[in-house]
Amino acid sequence: MASIAIFAAFFCVFNVLLWIMLFARWRKIFSPDGIIRTTREEMTKMVSDINNNADRNISLIDDRIAELKKIAEEADKKIAAAKEEIAKLNLAKTASLFDDQPLVRDVPVEIGGDDDDDIQPIVNFDRITHELSHREPIIAPQPENNTPRVFPKRVEELYQRGYSIEQIAHELSRSTSEVSFALDMGMYR
């Protein structure tokens, strides 16, 4: 019987130790300090991930900005070259208008001559005035159907004919929001 009492006492002591360990573990897991510590560790990891992602995104954006600057510089160079070519073509075009007769005559000029009556003009003014008087008149462009004053009227017409907002926008080469705005302002809906 003494062995059963020793076994029971050992079992009770072992049971009490397990309960103490369980309560200590329980306290450690569910204590406010433990929850705060775990939350703080998770937040630190999240902030670190966000910072790493932000750094990577910023470096990607900086690379793209550098690429866009290079492309813009190349485009500016090409635009400048195109403007030069257009200027040369316009100059050549205006020069071809006057190819029938030269505007400048090759006139020998005498330096130190006393006779002012012998001087002939270098520029053929008769030819220039003739060319300018016979040019086609410049016609001002006619207003389109969707100028600011006519646009609401055209929208109203098309809407009353049964056109949808998308069809009106396509017809007038405007956005659907502009057409909707014009309809709202005219209260045609």
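The following legends describe close-up views of a predicted model.

Local features are given at pLDDT of at least 70 and side-chain atom pairs at pLDDT 80 or more, while totals for chains, interfaces and linings use all residues. Residues are numbered from 1 along each chain as its sequence is written, and side-chain values use heavy atoms, with hydrogens and water left out.

**View 1. The largest nonpolar core.** This core has 10 residues: F151, V155, L158, I165, I168, A169, L172, V179, A182 and L183. A nonpolar core is a set of buried Ala, Val, Leu, Ile, Met, Phe, Trp, Tyr and Cys residues joined through side-chain atoms within 4.5 Å. Buried means under 20% relative accessible area, exposed over 50%, and partly exposed in between (1.4 Å probe, protein chains only). Helices α4 (151-160), α5 and α6 each give two or more residues to the core, and α5 gives the most, with four. Helices are DSSP runs (H or I, at least four residues), numbered from the N terminus. Beyond its neighbours within four places in sequence, I168 is in contact (heavy atoms within 4.5 Å) with V155, L158, Y159, Y163 and V179.

View 2. V179, S180, A182 and L183 are buried in α6. These residues lie on the same side of the helix because they cover an arc of only 160 degrees around the axis; the arc is that of the directions from the helix axis to the C-beta atoms. The buried residues of α6 pack against α4 and α5. S177, F181 and M185 are exposed on the other side.

**View 3. The salt bridges.** The structure holds two salt bridges, each a side-chain nitrogen of Lys or Arg within 4 Å of a carboxyl oxygen of Asp or Glu. One joins E157 and R154 at 3.2 Å, N to O. These two residues are three apart in helix α4, and therefore separated by about one helical turn. R154 is buried, at 16% relative accessible area, whereas E157 is partly exposed, at 36%. E178 forms a salt bridge with R174, with the closest N and O atoms 3.5 Å apart. R174 is placed in the loop between α5 (165-172) and α6 (176-186).

**View 4. A nonpolar patch on the surface.** F10, F14, L18 and M21 form this patch, with about 440 Å² of accessible area together. F14 is found in helix α1 (residues 2-30) and is partly exposed, at 42% relative accessibility. Patches are made of residues with over 30% relative accessible area and no salt bridge; like charges are joined within 9 Å, and nonpolar side chains (Val, Leu, Ile, Met, Phe, Trp, Tyr) within 5 Å. Accessible areas come from the Shrake-Rupley method with a 1.4 Å probe; for residues, only the protein chains shown count as cover.
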